Amino acid sequence: MPCVLLQLVCVVAIAVSVDGSLLPYEVNDDVVSEYTLPDLPYDYNGLEPYLDEATLRVHHTGHHAGYTKKLNAVLKQWREENPNQELASDSILSILENLRKVPEQHRRTVTNVGGGFVNHNLYFSVMSPLSSNDSRVPVGEVSDLIIKFFGSYKAFKDLFTSRAMSVFGSGYVWLCQRETTDSRGISTLELSVTSTGNQDAPMTDQLQPILTLDLWEHAYYLKHQNKRAKYIEDWWNVVNWDAVQGLSEWWIKRAPSAHDEL
């Protein structure tokens, strides 16, 4: 498949929920001593009838909250053991981007619980309630990129769905962007559909996820039981493409963190 690039047009956009608060994914880049569970940008029943209230509530207050607590515990231990390692005090997003520099004794735990915290923030951020007049199709630069890279929205959706159905066990499927700069200093983006197992995150491969689908059974089992295909079909109805576009712009504006210490 050919790689199609699109020149970037940087648009200043602030990611906020309907009540004016920050979206969960922005918390990923916070530099804090302890993380708190971000609020969802919608009510627990807001994604009905596609994603049910009971599942969303336990997903957020149970599983996501559990990852938040365990992340704080491993970061506290790491920082106490390595008080001079700058990376330990950076954001969890920067830590995942520099995962190979995490001490080996903490690397797998940071991958699991840090990924669980960050990945859920990304997943919850790109959904919203479906209104009767909402077409739910890509917008802005993301729409242009999808058409240029995959040929059409339908072709992209079919590929993304197929990749989601092929994930064995627990994991995620992602639409990711990668920003490159040519010899003239012109920035471009390319898109790819990828998947990860368990709580592995594409940021460790220097990819920037802009659309996230959680394929762990706890994301859908109360309503959809073992019917993953139906869960995926329903999920497309709550994808918030304005939020996807906003996340794409947020990545472009964000300067990635690089750490040289061992």
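Author: Gln199 is found in the loop between β3 (187–197) and β4 (208–214). Helices (H or I, at least four residues) and strands (E, at least two) are DSSP runs numbered from the N terminus. Residues are numbered from 1 along each chain as its sequence is written, and side-chain values use heavy atoms, with hydrogens and water left out. This is a predicted model, where local features need pLDDT of at least 70 and side-chain atom pairs count only at pLDDT 80 or more, while totals for chains, interfaces and linings use all residues.

Reader: Is Gln199 buried or exposed?
Author: Buried means under 20% relative accessible area, exposed over 50%, and partly exposed in between (1.4 Å probe, protein chains only). Gln199 counts as buried because its relative accessibility is 2%.

Reader: Which residues does Gln199 touch?
Author: A contact is a pair with heavy atoms within 4.5 Å. Setting aside residues up to four places away in sequence, Gln199 touches Tyr67, Thr111, Asn112, Gly115, Gly116, Asn119, His120, Tyr172 and Trp216. Gln199 and Trp216 are 17 residues apart along the chain, and their C-alpha atoms are separated by 9.4 Å.

Reader: Where is Thr68, and is it buried or exposed?
Author: Thr68 is part of helix α2. Its relative accessibility is 5%, so Thr68 counts as buried. Beyond neighbours within four places in sequence, Thr68 is in contact with Tyr35, Thr36, Leu37 and Phe117.

Reader: How do α2 and α4 cross?
Author: Axes are lines fitted to C-alpha atoms, for helices over the stretch in contact, and angles run from 0 to 180 degrees between N-to-C directions. The axes of α2 and helix α4 (residues 104–125) come within 9 Å and cross at roughly 145 degrees. Handedness is left-handed if the near helix is turned anticlockwise from the far one by less than a right angle, and right-handed if clockwise. The crossing of α2 and α4 is left-handed. The residues of this contact divide into ten nonpolar, 13 polar and two charged. Here Ala, Val, Leu, Ile, Met, Phe, Trp, Tyr, Cys and Pro count as nonpolar, Asp, Glu, Lys and Arg as charged, and the others, Gly among them, as polar.

Reader: Which residues make the contact between α6 and α8?
Author: The axes of helix α6 (residues 153–166) and helix α8 (residues 228–235) come within 10 Å, crossing at roughly 145 degrees, and this crossing is right-handed. From α6 come Phe160, Thr161, Ala164 and Met165, and from α8 come Arg228, Ala229, Ile232 and Trp235. By class, six are nonpolar, one polar and one charged.

Reader: How many cavities of 30 Å³ or more are there?
Author: Rolling a probe the size of a water molecule over the atoms shows where empty space is left. On a 1 Å grid over the protein atoms alone, a cavity is a set of points where a 1.4 Å probe fits but cannot get out, and lining residues have an atom within 4 Å of a point. Points are joined across faces, edges and corners, and a volume is the space filled by probe spheres set on them. The count is two cavities of 30 Å³ or more. The second largest cavity holds about 40 Å³. Its lining is Leu51, Asp52, Thr55, Leu56, His59, Tyr123 and Ala219, and helix α2 (residues 53–81) gives the most, with three residues.

Reader: How much of the whole chain is buried?
Author: Of its 262 residues, 51% count as buried.

Key
1 Å grid on protein atoms, 1.4 Å probe; cavity = no way out; pocket = protein on both sides within 12 Å on 5 of 7 lines; lining within 4 Å.
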